[in-house]
Amino acid sequence: MGMTMTQKILARHAGLDYVEPGQLILVDVDMMLGNDITAPIAIKEFEKIGVDRVFDVNKIALVPDHFVPNKDIKSAEQAKMMRDFAKKMGIVNYFEVGQMGVEHALLPEKGLVVPGDVVIGADSHTCTYGALGAFSTGVGSTDLAAGMASGKAWFKVPEAIIFVLKNKPGKWVSGKDIILHIIGLIGVDGALYKSMEFTGDGISYLSMDDRFTIANMAIEAGGKNGIFPVDEKTIEYVKAHSTKPYEVFEADEDAVYSKVYEIDLSEVKPTVSFPHLPENTRTIDEVGDIRIDQVVIGSCTNGRMEDLRIAASILKGRKVHPDVRCIIIPATQEIWKQAMQEGLFDIFIDAGAVVSTPTCGPCLGGYMGILAKGERAVSTTNRNFVGRMGHTESEVYLASPAVAAASAVAGKIAGPDEI
Amino acid sequence: MKNEGKAIKYGHNIDTDVIIPARHLNTSDPEELAKHCMEDIDKDFAAKVRKNDVIVAGKNFGCGSSREHAPIAIKASGIGCVIAESFARIFYRNAINIGLPIIECPEAAMDIQDGDQIIVDFETGEITNVTRQKTYKGNAFPGFIQEIMAADGLINYVKKTLNQ
């Protein structure tokens, strides 16, 4: 019986020729990640193990990004704990404010993840790197602690669902619309415990930024990981960012999938997730008249260069609606600098938007844009749970950068063709 | 090992943002986290929960963020077991790794009502509803996971294997 991409990568890292769904395996990990919220618990647990060094100083990335630059004294203490640990252990890939970015935008940009890798991260959106043809998945802090000591992680080999993406997406339809459409189709537990494997000719029309966005939200369908085949665009990206050796895995033709979905990308419309679950999707023509108070463009889902360019193309020569605060957060320093050099900040500021330093900030209700009771935001982030961006009676509507920018101008949820 | 307590019932897709909101993630102190557990969907939770009480929930319990603060907050609040129709996978791992007993059992999750007296036998996976005089068969952990539980969590398990 053939294996999926995920099975093949896991088998190689477990030192086995074949693995099957349901099998429990111990695998070697190529990169592991912690942030200023999850690493402090991992560090405390690591210290209980009683080893005085980490398994490999090059294979751990520690990124302060959630509440950094420090939002309050307690957050400062947590960031300091991680910084002190990184220094003590000689962690090579620690990224201080000034170098840091939102972790899942930062690691690929720094070339720390390449095709064929196994990556774990104490952050649920670690599944982002599946865009590069790597197996990557979110774990908890204790898993990270055990991994930092042993270099290994345990997994149950997942069953797979395959999504065959066909044809070219229409204008204004991005990776975000595609993944929101898929989550709307299968539900927030539609891929529970399973891998989401993407294939089909439609992938050739998707940029790497689109693929990162799609893989990023696999967790929002309950998926263990989301994974794309490696093509010329992947190789071009990897060569531009990394010198690490990589290995390309391909699914066998007789690989087994528990479900097959065919998605015609030419029929996908700009899509918005209504409160309070990502599966509550409506296409842009079905949203109705929803007045908004805030727009956030950023995060590990949509804070990359293309996202900012699309937002700028819509905001250029226009003004943010007087009742709306529009907050734009480039995901990394590199993206920030590039956006500045391309003149995007002039466009944003002239439109009346603000530009923040990289941070997860408002996505998880940390800071830099918390909502009051009764307020509504359109956000390019990944979750719209109760209280996610602030008050429990506030609302978050998830959308693409194009819809978010258009909504900022309209003062209500709107598509780019409506302004 | 058995746990007996009252059921506290919730619905589907209870996410980690409502189990412990991010505004409290600037600490990892279990007692501090327990004070705010479930407050965004059930502000009385911290006041009403008693030691060994059982959370009973629907599908996809613990979805969303990987924050280990979520099972830590639940455990520190005194909850002795979580029964659900299904669990989100990162929450499932985290609960095992920190030693919070959880059992997947759709039948029990659907049938048990808020306030029912519940006994859970972790070795057999059997769940008894004392109030309604019913039993349900939950999934016991597979062998490898039982080894982690027997070692009292992943950290002790790793400690043991690194010393071998």
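In chain A, Gln294(A) has Arg325(A) of strand 15 as its bridge partner. This bridge belongs to the parallel pairing of strand 14 (residues 294-297) with strand 15 (residues 325-328) of chain A, which spans four bridges; two strands pair if DSSP finds at least two bridges between them. Strands here (E, at least two residues) and helices (H or I, at least four) are DSSP runs, numbered from the N terminus. Strand 15 of chain A also runs parallel to strand 16 (residues 354-355), joined by two bridges, and there Ile327(A) has Val354(A) as its partner.

The model is a predicted one, in which local features need pLDDT of at least 70 and side-chain atom pairs count only at pLDDT 80 or more, while totals for chains, interfaces and linings use all residues. Residues are numbered from 1 along each chain as its sequence is written, with chains lettered from A and ligands numbered from 1 in the order in which they are written.

Turning to chain B, an open sheet of seven strands shows mixed pairing in the order 4-3-2-1-5-6-7. Strand 4 (102-104) and strand 7 (134-137) of chain B each have a single partner strand, so one side of each lacks a neighbour in the sheet. Strand 7 of chain B runs antiparallel to strand 6 (residues 126-129), with four bridges between them; one of these links Glu126(B) to Lys137(B).

Between the chains, 44 residues of chain A are in contact with 36 residues of chain B (C-beta atoms, placed from the backbone, within 7 Å). Helix 5 of chain A gives the largest share of the chain A side, seven residues.

How values were computed:
Two residues are in contact if their C-beta atoms, placed from the backbone, lie within 7 Å.
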